Amino acid sequence: MNRRGLILSVLAVGAAGFGGAAWYATRPQPMAEAVPVAPEVNDLLIRSYSPILGPETAPVTIVEFFDPACEACRAFYPVVKDIMAEHGDAVRVVIRYTAFHGDASVEAIRVLEAARMQDVFEPVLEAVLREQPRWASHGTPAPGLILEIAASGGLDVEAARTQMLAPGVVAVLNQDGADVEAVGVRQTPTFFVNAKPLDPFGEAELRRLVAAEVAASQN
């Protein structure tokens, strides 16, 4: 082999080694085993009044810190519904209100609480999320628009006007706000699965963590 051939061979080997090292450094890493939060935080994840989707006795609980005005929460809603459908009675979702978008979030939460009093929480939630771009825009939505939207989900608007201002609704807003701060939630949606935080965040990670908890509950 001449000198030029030798140099090219060395460079080729070096490039192959560098490429292998780069692949090793960037290849997908296995998901680290999630660890439950501390007991004092766990006690703040669920309140007795928190809305529940799915069977109350399900062995796997997804707690979602949720803002009805949050675009990412809207995008994740069908994902969460699909996860529930996939695992049947094994999974429930507990919703914690997180009013990060100011007055729009607070008004929507009040509407959802009125819907819960009227036993139409889920259809109203879906109507509110479906029309979110209309009422949760950065501009100023028309007064009463969200109530009009909620009515399409079965809400009795006249009854809701009083229910939205009930002391119990104010108490829910205050308690959930305090728990959001105490748990350290900084973005929505934030998920905990059987008290284990979803970290890293993502649809695939949420599906894997739920599936792992469902499997563990069946052993």
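Q: Is the crossing of α4 and α5 left-handed or right-handed?
A: The model is predicted: local features need pLDDT of at least 70, side-chain atom pairs count only at pLDDT 80 or more, and totals for chains, interfaces and linings use all residues. Residues are numbered from 1 along each chain as its sequence is written, and side-chain values use heavy atoms, without hydrogens and water. A crossing is left-handed if the near helix is turned anticlockwise from the far one by less than a right angle, and right-handed if clockwise. By that rule, the crossing of α4 and α5 is right-handed.

Q: How do α4 and α5 run relative to each other, roughly parallel or roughly antiparallel?
A: Helix α4 covers residues 103-117, and its axis lies 8 Å from that of α5 at an angle of about 155° (axes are lines fitted to C-alpha atoms, for helices over the stretch in contact; angles run from 0 to 180 degrees between N-to-C directions). Angles under 35 degrees count as roughly parallel, over 145 as roughly antiparallel, 65 to 115 as roughly perpendicular and the rest as oblique. So α4 and α5 are roughly antiparallel.

Q: How many residues in the contact of α4 with α5 are nonpolar?
A: From α4 come V111, L112, A115 and R116, which meet F121, V124 and L125 of α5 (contact means heavy atoms within 4.5 Å). Ala, Val, Leu, Ile, Met, Phe, Trp, Tyr, Cys and Pro count as nonpolar, Asp, Glu, Lys and Arg as charged, and the others, Gly among them, as polar. By class, the contact of α4 with α5 has 1 charged residue, no polar ones, and a nonpolar count of 6.

Q: At what angle do α3 and α10 pack?
A: Helix α3 spans residues 71-87 and helix α10 residues 203-217. Their axes are 11 Å apart, and the angle is about 25°.

Q: How many charged residues does the contact of α3 with α10 hold?
A: On the α3 side are F76, V79, V80, D82, I83, E86 and H87. They meet E203, L206, R207, V210, A211 and V214 in α10. The classes are 8 nonpolar, 1 polar and, for charged, 4.

Q: How far apart in sequence are the parts tied together by E122 and K81?
A: The side chains of E122 and K81 meet in a salt bridge of 2.3 Å, N to O. E122 lies in helix α5 (residues 121-130) and K81 in helix α3, so the parts tied together are separated by 41 residues.

Q: What is the relative accessible area of K81?
A: Buried means under 20% relative accessible area, exposed over 50%, partly exposed in between (1.4 Å probe, protein chains only). E122 has 28% and so counts as partly exposed. K81 is also partly exposed, at 28%.

Q: How many strands does the protein chain have?
A: Helices (H or I, at least four residues) and strands (E, at least two) are DSSP runs, numbered from the N terminus. The protein chain has 10 helices. Its strands number 5.

Note on methods: A salt bridge is a side-chain nitrogen of Lys or Arg within 4 Å of a carboxyl oxygen of Asp or Glu.
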